[in-house]
Amino acid sequence: MRTTIVLVIAFLAAGAFAASAAAEERICRGTIRAATVDNLKVPDGASCTLRRTRVKGTIKVGTGSRLVANRVRVVGNVQAEGSRRVVVRRGSRVGGSIQVVDARRGGAVRGSRITGDVQFFENRGRIVIRRNRINGNLQCKENNPRPIGGRNRVGGNKEDQCRRL
């Protein structure tokens with residue numbers, strides 16, 4: 001009897017874990033409107049547009065992928081390495097940081113509020129950082145061409161290529 005109870009508890013716990021693990025990450029190809037998701041992933045080579053989407057965790061943008069986020073609420077971070085392009089704009093709020101590294105066609109952060117840092121490192125293509133409220137640092141290094149923009153309110157430091165933005 002005791003063995004049966006232990007097995008039932010283990011089975012129920014495994015089922016609960018599997019259900020929560022499945023709900024952790026949503027894949028985005030195409031457009032997501034006015035939905036709430038846990039974590040969001042833009043897979044390699046995909047294109048994702050978010051409109052009024054709430055992300056309880058982090059957005060990860062894959063290699064060669066494109067993300068356009070309009071009026072989103074992200075509790076965690078927006079992270080991209082080797083992406084095609086990353087754009088966060090129009091009243092978006094990010095509770096963590098935005099980090100874009102090695103994007104082929106640059107990106108933009110416009111008219112948004114970011115609790116953490118905004119970082120653009122080693123990107124190619126046009127980068128626009130304009131009219132944001134950034135509580136952390138604004139850091140830009142080794143981008144070609146240099147980022148453009150201005151009218152950013154930064155609580156931390158403006159560094160390197162972004163020191164005048």
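Let's start with a term: a residue is buried when its relative accessible area is under 20%, exposed when over 50%, and partly exposed in between (1.4 Å probe, protein chains only). Keep that in mind for strand S8, residues 66-70: four of its five residues are buried, so the strand is largely enclosed by the rest of the structure. Strands here are DSSP runs of E with at least two residues, helices are runs of H or I with at least four, and both are numbered from the N terminus.

A word on where this comes from: it's a predicted model, in which local features need pLDDT of at least 70 and side-chain atom pairs count only at pLDDT 80 or more, while totals for chains, interfaces and linings use all residues. Residues are numbered from 1 along each chain as its sequence is written, and side-chain values use heavy atoms, with hydrogens and water left out.

Stepping back, the protein chain has one helix and 22 strands, and 42% of its 165 residues count as buried.

So what flanks S8? Two strands pair if DSSP finds at least two bridges between them. S8 pairs in the parallel sense with strand S5 (residues 47-51) over five bridges, and Arg66 of S8 is the bridge partner of Ser47. S8 also pairs with strand S11 (residues 85-89), again parallel and over five bridges; here Ala69 stands opposite Val88.

Elsewhere, an open sheet of seven strands runs in the order S3-S6-S9-S12-S15-S18-S21, with parallel pairing. Its edge strands, S3 (36-37) and S21 (153-154), each pair on one side only. Within the sheet, strand S9 (residues 73-74) is joined to strand S12 (residues 93-94) by two bridges, and Val74 stands opposite Val94.

Now for the inside. A nonpolar core is a set of buried Ala, Val, Leu, Ile, Met, Phe, Trp, Tyr and Cys residues joined through side-chain atoms within 4.5 Å. The largest one has 35 residues, and those with the most contacts inside it are Leu40, Leu50, Ile59 and Leu67. Taking contact as heavy atoms within 4.5 Å, and leaving out residues up to four places away in sequence, Leu50 touches Cys28, Ile32, Leu40, Ile59, Leu67, Val68, Ala69, Asn70 and Val72.

For a contrast, look at Glu142, in the loop between strand S19 (138-141) and strand S20 (148-150). Glu142 is exposed, with a relative accessible area of 59%. Not counting residues up to four places away in sequence, Glu142 touches Glu122, Asn123 and Gln161. The C-alpha atoms of Glu142 and Asn123 are separated by 7.2 Å, with the two residues 19 apart along the chain.
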